[in-house]
Structures are given as C-alpha cells and as structure tokens.
Amino acid sequence: MSTKFSPSPKQQAAIDALGKNILVSASAGAGKTTVLINRLIKRMEIDHVSVSNIMAVTFTEMAAKEMRKRLEKSLNERYEETHNDFINQQISLLPSAQITTIHGFCLDLLKKYAYVVNFDPQRTQNVLDETQKTDLMDQAFQNVYENCPNDKFSEYEKLVFYFSSRPEDIKNLKANVIKLAVKLQTIVDPQTWIDQSIKAYDADSFSAMSQKHKDYVRLYYVWKIDNLINLAQQTLVDIKANEQYQSLIKKPRDLDKLYLYYDHIELMIDALTLARQEAQKLKYERFKSLVLSFSENGLVSPPLYSKDEKVEGAIMKIKGDYNDLSLELFDEEQWFQNHQILKPIVTTLAELTLSFMKEYARLKVEHKAIDFDDMEHFALEILRNRHFKVNEDLKQRYVEILVDEFQDTNYVQNEIVKLLSIGNNIFRVGDVKQSIYRFRNAQPEMMQAMKKQDDDQHQVLYLTENYRSTKTIVDFNNLLFDRLMNFDELDSSYTVDDQVEAGRKDDPDTESKVEFHFIEPNPDSNGSVSLINAQIDQPLVSEISPPFTDETQDEIVEDPFAEPLDDVQPKAVHIANMIEDMRRTTPFKQYKDYVVLVRSNFIKEQIKTVFEKARIPHHISIKSGFFNSDAVQDVVLMINYLVHPNDDINFVGLLLSKFIGYSENQLAHLKLATQKYQPFCQSIKTFDPKIAQRLEQFKESVAQADLIEMLRGIYTFNGYYEQFCSIQQRANLDLLSEKAQLYAQQNTSRTEFLMLIKHVTEEDSSEAIPYTDEDDVVRVMTIHASKGLEFKVVFYWSQTKGSILDLKEPLLIDSELGFSLKSLEFPKRFTRLNPNRLAMEMKTIRDDVQEQVRLLYVALTRAEERLIIVDKAPKTVFTNNHYTNILNALGPTQWMYAALDHHHTFERKKIVAASQLLMHNPPLNTEEELIVVSKPKTEITFKAPSSTHKTFTHFTLNFDTNIGSNHGTLIHELFEKLPKIGITEDQIKALSPGIKDKDIQSILAFYTNPIYAKIAKGEIHHEFPF
C-alpha cells in the first residue's frame, strides 16, 4: 500500500473487507474515492486479483476517467516502490479495464453479445442524442395515434380530452405518454407494475386499498391534523408571549373574547388529537366527523387589532388550513366511485404507452440506432438469457464488482449488477443523504433498505470522518441534520452512525463560525443600486422570460424556485461585495476560492447580470443558455433568413442583430417605406441597397455549402465572430459548430437543422464552458452540479419558500405505487383528488421534500473553510422544529431557523441591503505596441511514403521501462517482427536482449495456444481496425 495514505481504522476496514456483499455508507468529505483506489490497489497487490477481473461502475464518465487516472498514478507509484511484476502487468492491462459507467458497461456487453438477443450490432454505433431521440419519439407517437384502431378511437378521444380542453391538441397527451414510457424503462418488470397500477382502481373503500396506499393516506391525514395542532399550540404560545398584543387589550369584553378563544383552541386541540387517533386507524367516517365538528359554527377569533399583523396572520393560517382539510373530506362511497370512472382512462393510457414504446423500438431498429435506456434493457435481457448463460461466464471473470454512488442507481441497474455476482463479491459505496437525482429516477430507498441488512452475506460499514471541512462546519451540519432528518413520520435518518467527526487537525480558535446573513430592506434606498462613480437607473437584474411563440403559450412553466426580483438583487449585490471584501481581508485571495450554490437557473441568470456589472470574473453555466444565448440566436436568425427570406419577424430580428446592427429608429423608417403586403427583404432593396446587396451576395455564396461551410460563412459575416462575440459567446458558437458536424455527417438539411434546434430541451442546452477548472473565476452553480466538489468559501443562496411542482401534473408516477391521475369533472374541467391520487400525492410530497433536505445537506457540506448562508430576512419565523415544517415545504431558511433556534453554533447577522455595488477589476485603457516577430523559413520537403521506408533484418527493443503503456507498445512491436508460426526463445532474445523471462514465457504460450494456431493457418481476406 502507498505510504502517502494513512487510512483511519474505518477506512482500513472498508479497504480490507472481503467474503460478503459490502455496503459502505460514506459521509461527505470522508475520502471515499481515496478508499476506493486503495482498496483496488490492495486487491491487486496483496490479493493478486488482476484488474481484468475487476468491474468498477461509476455514476458519470468524468468520475470513471478520474478513477482510472488516480488508479494509474497509484499503480505507478507502487511499482516504483516495489518493482512488483504483477503490479507492472496491471499497469499494462489498465487501458482495457472495466472501469466505466453502467451505460458504458451495458454498451460493451451489447456489442460483444448482440447475437444472444438477435440484435444488430451496427446499431451500437448510432446512439441517439436527446435531439434525435425527441424527434424519433415524436414520430413514434404520431404513427401510433394516427393509426388508432377503429374500436379504440372513442377511448383515445376521451384520453385526449382528459389532458386538454381542445380535442385537436394532442401535445399534452404525447408528453404524458412519453413521461410514462421513460419511467417504465427503469422498472424491472414493467407489465406487472402496470397491472398493479390499474388494479389499484378496483378499490371501492379504504379497506380495499393496498397496504402501501393505505399507509400513505394515513400519513396524509395525520400530517394535516398534526399541522393544525402544531399551529394552534404555537399560536397560543405566541399570543400569550406577545406583550405588544396583550397591551392592546383594554376592554373587558375583549378580554372575555380572548379567554373564549383560548378555551376554543384548547377544545379544538383535544378534538384534533382524537381525530388523529382515528386517522392512525384509518377509521375514515369517524375521523371525518371529528374534524368537521368545528365547521358548524366556524372557528372563533380573538380580538384583532390592526397594529399586530402577526397575530392576525397566525389566526388566518389556522382557519385556512382547517378549511382546506374540511373541503377534502368527501363521502367515502361517492369518493371511491371516482376510481370506477378513471379506470378506463388509466387502462387506455397504459395501452397507448405500450403501443408507443413498441413503435419507438421499431423506429430505432429501422434507423439502426439505440438510446441509453436500450443499453440497460438489452444488457438485462442478455444476462437473463438461460440458453447462452453469459452471466455465468461473467460471474467467473469478475472477482470484485465495485459500484460507486450507489444511492443514485435504480432497480434495473442494480439487477444487472446482481446478475454478475457470485453472491458475495459486490462492494457498494454511497451516501443516502446525498441522493439528489430523483428526477433521473434514482431510487435511494434501495440503499436505505440495504443498510438494515447485516448477516452472513451482507456487511454495512460507515466512513464518518470528514477530512474536508473545519470542525466548526462539521459540528454545525451534525446538529442541523440530526434535527432535520430524524422524524419518525419520514424516511430520512441521521443516526449515530451518520454523525461525522472532523478528520482535520485545525486549531479551533482560528476557525470561523458558520454565518447566516439576513438581508433587510434599505430604508434610504428606492431599490436602485449604484456602481462606484456610476449610477444605474434600472435594476441590475431583469426578469428572464422564455421565448414566446404561438406554440409555447401553453407550455411556459413557472420556475418553482424563482424569487421576486426585489429579493434577488440585494442578495446578489451583497455576495458580490462580500467576495471583494474577503479577497482583501482574508487568506482567500483567489476568485476560484469562492462558489455560490443555488437551486434555480433563474437565480443564476440574475447573479450573472450583477457579476458582469461588477466585473467579477465568473463561470455561470445557464442550462437554458446555449440555444437561447444571444450569439446562437443571432446565427439561427441568419440560417432562418437563408431558408425563409420572406419571414418578416425573423428578418426584423436579423436586422436588429449585430450582423446588421440596425437601431429601432432605422427599423421604424424601414416599416414606413414598406408597401402593404411587401416583405421586408424586398423593401430593403430600395430602402438600403447596400445592406440588401450584401445579404443577397452572402446568400448566393453559401447556397451550395454544407452545414459546416455555411456556419463558417455566417461567423465571418460582418466580422461577427471576431468583433462582436465575447469569450462565452465564441465558446457557444464553437459548440454549435461541433453539434452541426454530427448532423452534417447525416446530410441534414438546413431546414431539418433548424427543426432539430427547436426540439432541443432545456436540460441539454447548457452554454459552452469557456473556462477550465484551473481558471481564477468565481463559480456559480446549482447544487446538483456541485456534488463531489469542494470549495474554500461557500455562499449558499437560501430561500424562504419551497415548492412541490409535481403536484400540478395530471399524471403522477412512482416506482412503488404505480401511476395515477386526478379526477376531472366535465364540462367545467374541475379537478379533485381521488383516494389513489391522494396516496400518490402524499408519497410525492414526502419524497420531494426529503430530497430538498438532502440537497441542503449536499450544499452545506461543500465548504472547506467558510460557510455563509444568505437570504432575505423572513417576515414570519417558525421556531418549533417539527416534521410538518418539512412536509409543508417551508424552505431551507425556515427549516434551519426552526431547527437551530436555541443553538449557538452559528452567527446570525442582520445586514441592511447595500446601496452600492463595488466595481471589481476596472478595465485598463492603456495601449500596448504589438511586437511582430519574424521567424526564418524552413524548407518543406515532400516525400512519397515509399521513399521513407526502410528494410531491415534485425532490430533491438528496449524493455527497460516501468511505464505500462510503453511496455504494451513494445510487446506489440515484437509481435509484428516475429514470424506467424514456429518461433523460438532465441528468436525472441535476438530481437529483445533485455526481455524478461516472464514475458518470453507469455509469448511462447500465446503461440502454442490452439485458438491462435487455428487462426494462423487461416487466410486473411480483409483486416478490420479495432
């Protein structure tokens, strides 16, 4: 083992553990990757397991490359120390080692064993990207819908009408069919899952529901009752402790009214406590009766005074929540009749989805293509095939199976891994607390369940030392998540085994406390912020809206984590000013020491605007930024002009772009000069002949050009790329060229290219990255993007609001409960819950808010030295740490405030919003003389390949090398020079005098192998490259 790493006892246990399926729960900063590398080194060096007999699966390609890189470095270090021949051999084998993503492994498996599932191996060369996949899915749905069987037409009509009020609008239906199909790809047994989902609608009472559905209905009602009880108790405490409010009560009748309110609330709490007991038993009618017992006379209010909004707000909150619950309590028999109405719709949706999946699969065969989901499912089919028994062969090969980031895998991926195992050789490592990919169908409940397995076949280990953060940050996070993750009503847990110890040996007196910065309004400011020596009349941030067309008017979705602009600007300005101040006054002098972690791309847009004004060097990747960025949009305008020159709206955009540079006044004059029904591209010929001629000449010059040549021409038009594009914009245009090259190989037309751009989803249109990891820039990123990274100073952009967007969707999907729809009443299209949907919504809420807490955990554990949490000062503060705060999605600020109200492990700071934004790095206006250096010309000699060819009868290879790649190259060269058959040891030594005996024996063994002997006798007709 390397002397550079001294593992702790817990790390050593994870390195050494054998003979069982090992599950390692590794907390943030625990040195997980280092442990994995050292375990692999130990398996090779001590246990003599070849890297060819090891399979290591990571979550991302970047993680796989990093693991391979670090493993190669460690192996070379070990060889330098030991000169161990086996280690040297592993270095040479490392390039072909199975260190990959699960998709990479499945693709390799499919290439090698395509015949097992009668699969065309040529398809593996054409993996659909998201744009191609979307296009093919659209075509598949259209084919299925347009070829609807006559006996299904009325059912399809009802389905369309369920998802849209317009019978001709099938977009929503298509989106939900695709959504369901994507989920089915992560289910091990899709047909059984669908059958159980439909069967759930047979339930005609609570007692007839499945146990899982009943459990979530029960949790829903208990939550609602606990929420009311909690609010009532908190309100009583707050009113009695509110001296300002008490001082306003002067009239005897007001005092009587207050005492009546106290009695009424206490009676209400008693009744709700009884109702809670009935909810636990799911005695619905009795529960409903107790809850509604207060609805006859309404809830009593205490005396209310305009000077105390806090009391009035608390009273209104209780009334509002109580009324909401009352309205949801229907007659049980009538309520369950909704199931009978919905079952045919649910059944048709399932049938349509399966037909769509079948047609989509057919189109992929026709186009000789696959997508990422195919890789997993064909791999699963290959491994399950009992005739060829591929999995039995692979079981003998893989002595060690390592799965990294196990908390982010799904059931299909886990099933693939299990089929490769002999039963006791899987090493899984992950952290349930860091599972934040629910939107990618990650299923952390698998790891949560496995943590409870500890028997002859399974062992659970914990890595709980944090070598990343200071003890102050470690202690803060221990306290916070012990209080946020340990509620009986929720699945999450932060047990004794999850409690983290500080692995760093810092001086506690030099550590900074975690800071909460609450930004309060500036009474002397009207909302504007000035730069030093420069007043900004408009707000620094602006509202970002998606492009609006007639086709997107029904599709604009509100960002659930967007904030009012008046809240965003003060926080962004404060962070910008803090970074500059800390660079002057703390050891953190470089911009790359800082990161700002946010939940929303909307917020990143706003911070980007402020940082640009302040001239802070930054890297902010905007997910929706690539195809919506200015430069790419300008290029799209030009392509559109080349394809549709008479499109006036597009032509106006082109004129206003930097390609032409028209002002709005010029455009107005053009409009006045344009005759009725005359396209602008025609009227400009008389209005501005010079521009018209340039555009016409350019159009002619690229008329026969392919996509790449066309883009090159566009980039150089009017010096656009060189003169008008920033570093970020150039990077975006370079990325556009790369994407275009892929389509150019398929002879994609310009019209098709425009359509492909239109279909690209936000998730896959991030701006290009113009900076490297080493550049000195502030990073602003989402929490998801920060996972696995660490920064000296972390600004966490907290929020006082939460949201659960999924509940607005007509279709909810869950791995455990199946899928469900809302009840819809025609013709008014009123929606309401049905019992199945209620269970599903409760499951969705619980899963969603628990992931939001885990996101908070990931964010706060990125910090090495300083952790600063920034938000506006909340108007209402919750001080009672209760599980209902989590389920109510109050947001991270309220969660943290309630959990840590009486603790002093952090420092609260109330900060008045800044009225000035400090300008960093003012531009230099100095001129520099350009020095021209001339180099002597070197004559270039052209030779034919034959003129450089040399014949020889003997050469010597130098095997005195410790680098695995060199050793492998020399072996290959030796084989090239040796005859096909009949070699001797003397021939080998003559070519390579320094060759080792072990290598000689390996070469002789290869030549005597019966398989090689058979191949050597054959005739070569054509040689295929690897």
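The questions and answers below go through a predicted model of one protein chain.

Reader: How many helices and how many strands does the secondary structure of the chain come to?
Author: The chain has 1026 residues, of which 50% count as buried. When contacts between residues at least 6 apart in sequence are taken, 79% of them join residues at least 24 apart. The secondary structure of this chain comes to 39 helices and 22 strands.

Reader: Which element of the chain has the highest mean pLDDT, and which has the lowest?
Author: Across the chain the average pLDDT is 84, and 87% of the residues score at least 70. Among the elements, the highest mean, 97, belongs to strand S15 (residues 791-797). At the other end, with a mean of 38, is strand S11 (residues 534-535).

Reader: Over which residues does pLDDT stay under 50, with 15 contacts beyond four places in sequence in the model?
Author: Where pLDDT is low, the predicted coordinates should not be read in detail. One stretch with pLDDT under 50 covers residues 533-557, and for it the model has 37 contacts beyond four places in sequence. The stretch you ask about, with its 15 contacts of this kind, is residues 943-957.

Reader: Which helix gives the most residues to the lining of the largest cavity?
Author: The count comes to five cavities of 30 Å³ or more, and the largest cavity holds about 80 Å³ of space. Of the 13 residues that line the largest cavity, those closest to its centre are Arg599, Tyr796, Gln852, Pro892 and Trp895. The one that gives the most, with three residues, is H33.

Reader: How many residues of the lining of the largest cavity are nonpolar, polar and charged?
Author: Among the residues closest to the centre of the largest cavity are Trp895 and Pro892, and the class rule puts Trp and Pro with the nonpolar residues. Arg599 is also one of the closest, and Arg counts as charged. For the lining of the largest cavity as a whole, the classes come to seven nonpolar, four polar and two charged residues.

Reader: Which two residues does the cis peptide bond with omega of about 5 degrees join?
Author: Most residues other than glycine have a negative phi, and most peptide bonds are trans. The place to look is the loop between strand S18 (823-825) and strand S19 (830-832), where Pro827 lies. Arg829 has its place in that loop between S18 and S19 as well, and its phi is positive, near 60 degrees. The cis peptide bond, with omega of about 5 degrees, joins Phe826 and Pro827.

Reader: Is His83 buried, partly exposed or exposed?
Author: His83 is found in the loop between helix H3 (61-82) and helix H4 (85-93), and although it is not a glycine, it has a positive phi of about 50 degrees. Buried means under 20% relative accessible area and exposed means over 50%. Because the relative accessibility of His83 is 46%, this residue counts as partly exposed.

Reader: With which residues is Ala705 in contact, leaving aside its neighbours within four places in sequence?
Author: Ala705 is found in the loop between helix H27 (689-701) and helix H28 (707-716). Its relative accessible area is 18%, so Ala705 is buried. Leaving aside its neighbours within four places in sequence, Ala705 is in contact with Met710 and Arg750.

Terms used:
Residues numbered from 1 in each chain as written. Predicted model: local features only at pLDDT ≥ 70, side-chain atom pairs only at ≥ 80, totals over all residues. Heavy atoms only, no water. Helix = DSSP H or I, 4+ residues; strand = E, 2+ residues; numbered from the N terminus. Buried < 20%, exposed > 50% of the residue type's maximum accessible area, 1.4 Å probe, protein only. Contact = heavy atoms within 4.5 Å. 1 Å grid on protein atoms, 1.4 Å probe; cavity = no way out; pocket = protein on both sides within 12 Å on 5 of 7 lines; lining within 4 Å. Points joined across faces, edges and corners; volume = space filled by probe spheres on them. pLDDT = per-residue confidence, 0-100.
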